[in-house]
Amino acid sequence: MRIVFLGPPGAGKGTQAKLIVKDYHIRQLSTGDLLRENLNRGTELGVKAQAYMVGGNLVPDSVILSMVGEEFQKPELSAGYILDGFPRTYPQADGLDQLLKEQNQSLDHVLVLNVPDSELIRRLTARRSCSECGHIYNLVFNPPKLDGVCDHDGSPLIHRSDDTEETVVNRLKVYQNQTKPLVDHYKPQGLIRNIDGTGDVQEIYQRILTALK
Ligand code: AP5
């Protein structure tokens, strides 16, 4: 199964992708996670990406496409994947089409997770994630048992620097202007599955399972 996951920041792509990965035994490829890993390791790519990410703007297409191109060479993706946060622009969608062609592959679904902006801002400003395993929490909707500590491995939780209200508002604008139009790229191929992303995490997951059948 090969899936593209579209949706505004905070829609729950990361949360839902982790459930899909478990049930379908496929890989999650999150460009945001890859960029943050590079940033933490202080790689050249991470240094290039940092200023864009802190302001909530998109990292240049050339940087993203070469990073994803490298990931596509890895055998771990051969059993299928969910692309979380990629593509985000028309040149990235064209780049993905090219990568798929080279590998003789095609997409099965493009999931579009829809959530109103007011809810997205509430979710993101209260998000915390584990610095080790990446588990995602929310101080309002899904808090950890112990303040600031991951339930699973006891590591400290982090607050992403791009989860401030000001940056979130810019990220939402960027999504509307540059990423949402990609629905028109995939519509003619009959791949779009619109999902209501409001309500309980499990309830949304059931909607996704129905769409993937
Ligand atoms: P990225 O890391 O991809 O962030 P994003 O797309 O903005 O998405 P988020 O991770 O913020 O949200 P999510 O939808 O995964 O929600 P989550 O499940 O965590 O990108 C970050 C930056 O990297 C970009 O701004 C850009 O600079 C750069 N970048 C990345 N990819 C790029 C690309 N392809 N091209 C160029 N630049 C790129 O949930 C959010 C919160 O809500 C959590 O607290 C969660 O617990 C909670 N929650 C989830 N579901 C529910 C629910 N049903 N009810 C209540 N709360 C919920």
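In the predicted model, the side chains of Asp163 and Arg127 are joined by a polar contact of 2.9 Å. A polar contact, again of 2.9 Å, links the side chain of Asp163 to that of Arg171. Asp163 is placed in the loop that runs between strand 7 (157-158) and helix 7 (165-179), and its relative accessible area is 1%, so that Asp163 counts as buried under the 20% limit. When the neighbours within four places in sequence are set aside, the contacts of Asp163 are with Leu124, Thr125, Arg127, Val168 and Arg171.

The side chain of Arg160 is joined to that of Asp162 by a polar contact of 3.0 Å, and, apart from neighbours within four places in sequence, Arg160 is in contact with Arg36, Arg127 and Arg171.

For Asn138, an N or O atom of the side chain is 2.9 Å from an oxygen atom of the ligand, whereas at Gly199 a polar backbone atom is 2.8 Å from a nitrogen atom of the ligand. The ligand, taken alone, exposes 1,000 Å², and 96% of that area is buried by the protein. There are 33 residues around the ligand, of which Thr15, Asn57, Arg88, Arg127 and Arg171 come nearest.

By class, the shell around the ligand is made up of 14 nonpolar, 11 polar and eight charged residues. Several elements contribute at least two residues each to this shell, namely helix 1 (13-24), helix 2 (31-41), helix 6 (117-125), strand 6 (136-138) and helix 9 (201-212). The greatest contribution comes from helix 2, which gives four residues.

Helix 6, one of the elements that supply the ligand shell, has Glu119, Leu120, Arg123 and Leu124 as its buried residues. Viewed down the axis of helix 6, these residues fall within an arc of 125°, and they therefore line one face of the helix. In general, an α-helix has 3.6 residues a turn, so residues three or four places apart point the same way. The cover over the buried residues of helix 6 includes strand 5 (127-130), strand 6 and helix 7.

Although Arg27 and Glu76 are separated by 49 residues in sequence, their C-alpha atoms are 7.2 Å apart in space. Leaving aside neighbours within four places in sequence, the contacts of Arg27 are with Val21, Glu76, Leu77, Gly80, Tyr81 and Ile82.

Some features of the backbone geometry may also be noted. The peptide bond that joins Phe86 and Pro87 is cis, with omega about 0°, and Pro87 is placed in the loop between strand 3 (81-84) and helix 5 (90-102). Positive phi values in residues other than glycine include that of His25, near 55°, and that of Asn104, about 60°. His25 is in the loop between helix 1 and strand 2, and its relative accessible area of 62% is over the 50% limit, so His25 is exposed. Asn104, in the loop between helix 5 and strand 4 (109-114), has a relative accessible area of 75% and is likewise exposed.

Terms used. Residues are numbered from 1 along each chain as its sequence is written. This is a predicted model: local features need pLDDT of at least 70, side-chain atom pairs count only at pLDDT 80 or more; totals for chains, interfaces and linings use all residues. Side-chain values use heavy atoms; hydrogens and water are left out. A residue is near a molecule or strand if one of its heavy atoms lies within 4 Å of it. A polar contact is a pair of N or O atoms within 3.5 Å; within protein, one must be able to donate a hydrogen and the other to accept it, and residues adjacent in sequence count only if both atoms are side-chain atoms. Accessible areas come from the Shrake-Rupley method with a 1.4 Å probe; for residues, only the protein chains shown count as cover. Ala, Val, Leu, Ile, Met, Phe, Trp, Tyr, Cys and Pro count as nonpolar, Asp, Glu, Lys and Arg as charged, and the others, Gly among them, as polar. Buried means under 20% relative accessible area, exposed over 50%, partly exposed in between (1.4 Å probe, protein chains only). Contact means heavy atoms within 4.5 Å. The arc is that of the directions from the helix axis to the C-beta atoms.
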